[in-house]
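Me: I want to understand the words used for aromatic rings. Please take me through them with this structure.

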Amino acid sequence: IDELVMPKFKAGAAAWHPRTETTELLVNLMEAWTDVLPTSSKNIFLQTTVLPKLKAEVDAWSPKTDVVPLHAWIHPWLPWLSNELEEVYPVIRYKIGVALQEWHPSDSSAATILGPWAKVFKPMHMEALLARCVLPKLAMALQEMAINPANQVVEPFKWVVAWVGVAPLHQLAAIFNREFFPRWIQVLFQWLTGRPDYEEVTRWYLNWKSLFPEQLAADESIKQHFTRALDMMNNVVAGAQIVGNYVQPGAAENLNYLKVTQEREAKGPAANSSVKQLAKESVAAKPKVTVADAMYDSTVSFKEALEQLAEENGYLFLPKAGRQESGKQVYTFGKVSVYMDNRLVYAQQEGAWKPIALDDLVAKAKKK
């Protein structure tokens with residue numbers, strides 16, 4: 001075989017150009033003879049004839065200008081050269097990385113080029129390439145996309161989900177958890193506090209949920225966001241109050257997530273009972289802090305302490321949407337409007353905002 005067959009293989013390989021249809025011809029020849037050729041003869045041919053040509057072609061390959069996809073003439077050799085081709089993968093990743101420097105997420109060609117390599121490159125190498133060259137741009141596109149129920153543009157969202165199947169799901173989920181859902185939840189919160197058309201809200205929720213590909217929608221962190229949003233909607237319809245400390249424009253407070261506390265009035269005994277139970281569970285789950293602690297300990301949240309004071313006395317403590325005083329968020333303590341500044345509580349008294357003692361605040365709330 002070495003004397004009669006292998007010279008013909010080498011002669012055929014001399015006319016072989018990896019980026020042309022001759023690759024298919026040579027691969028078909030290898031497949032036809034693979035069980036006949038001695039392993040040693042086959043390995044020598046692959047190592048001394050095929051691999052050097054592939055390396056030379058990869059060195060000359062340009063992801064910007066070459067019209068023949070790289071995987072079309074590299075992947076057919078994986079059954080015989082999977083280990084040896086590891087030598088050319090760093091060159092491929094480097095060239096793709098350079099090309100991606102000028103890439104914009106609206107250009108789908110990057111996913112087309114990288115997609116076939118998702119299961120060929122080792123996971124650590126693929127994730128590193130994506131984290132360096134792709135994911136920051138996807139995150140920026142999602143960050144710059146306004147979330148506007150009245151006039152929603154979804155193209156940047158589609159640019160990101162187009163990478164499902166190329167980028168690992170945990171990397172894509174992390175982008176949505178960081179750049180999309182906090183703003184999406186806040187828009188929903190603001191919408192629900194403005195007496196919306198609940199059917200319209202439900203359609204908006206379902207439409208967004210349908211935009212997530214099945215694999216991404218099944219991610220646990222993504223499911224948790226949709227569950228949280230649905231709980232918010234159900235609690236509002238059931239008559240529960242939504243309480244949240246969202247940073248309004250110009251406010252300097254930290255953003256905290258939504259929580260359900262107490263019932264709205266006149267929603268029936270059964271609804272009130274379930275909502276009260278939710279409120280009790282919410283309060284019980286929080287670490288106990290007191291206003292006395294908060295007054296003198298900077299590590300204790302003064303707002304949380306004031307919130308618990310309201311709960312202990314049976315009052316709601318809610319942010320007033322869009323209301324600020326001296327650059328601070330205005331809250332309602334029962335029916336008393338208050339804001340906090342430098343660990344002091346200010347309330348409206350005699351037409352002006354004045355500091356108020358906490359005992360006086362509770363007493364004032366009782367009179368309302």
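Reply: Start with a cut-off: buried means under 20% relative accessible area. Keep in mind that this is a predicted model.

Me: Why is Phe 317 called buried?
Reply: The relative accessible area of Phe 317 is 5%. The limit is under 20%. So Phe 317 counts as buried.

Me: What makes Phe 333 buried or exposed?
Reply: Phe 333 has 0% relative accessibility. That is under 20%, so Phe 333 is buried.

Me: How many aromatic pairs does the structure hold?
Reply: It holds 30 aromatic pairs.

Me: Why is the pair of Phe 181 and Phe 212 called stacked?
Reply: The ring centres are 5.7 Å apart, and pairing needs them within 6.5 Å. The planes meet at 20°, and stacked means under 30 degrees, so this pair is stacked.

Me: Where do Phe 181 and Phe 212 sit in the chain?
Reply: Phe 181 is in helix α12, residues 181-192. Phe 212 is in the loop between α13 (198-211) and α14 (214-217). They are 31 residues apart, and the pair links distant parts of the chain.

Me: What makes Phe 212 buried or exposed?
Reply: Its relative accessible area is 4%. That is under 20%, so Phe 212 is buried.

Me: What makes the pair of Phe 317 and Phe 333 edge-to-face?
Reply: The centres lie 6.4 Å apart, within the 6.5 Å limit. The angle between the planes is 75°.

Note on methods. Residues numbered from 1 in each chain as written. Predicted model: local features only at pLDDT ≥ 70, side-chain atom pairs only at ≥ 80, totals over all residues. Heavy atoms only, no water. Phe/Tyr/Trp six-rings, centres within 6.5 Å; stacked < 30°, edge-to-face > 60°. Helix = DSSP H or I, 4+ residues; strand = E, 2+ residues; numbered from the N terminus. Buried < 20%, exposed > 50% of the residue type's maximum accessible area, 1.4 Å probe, protein only.
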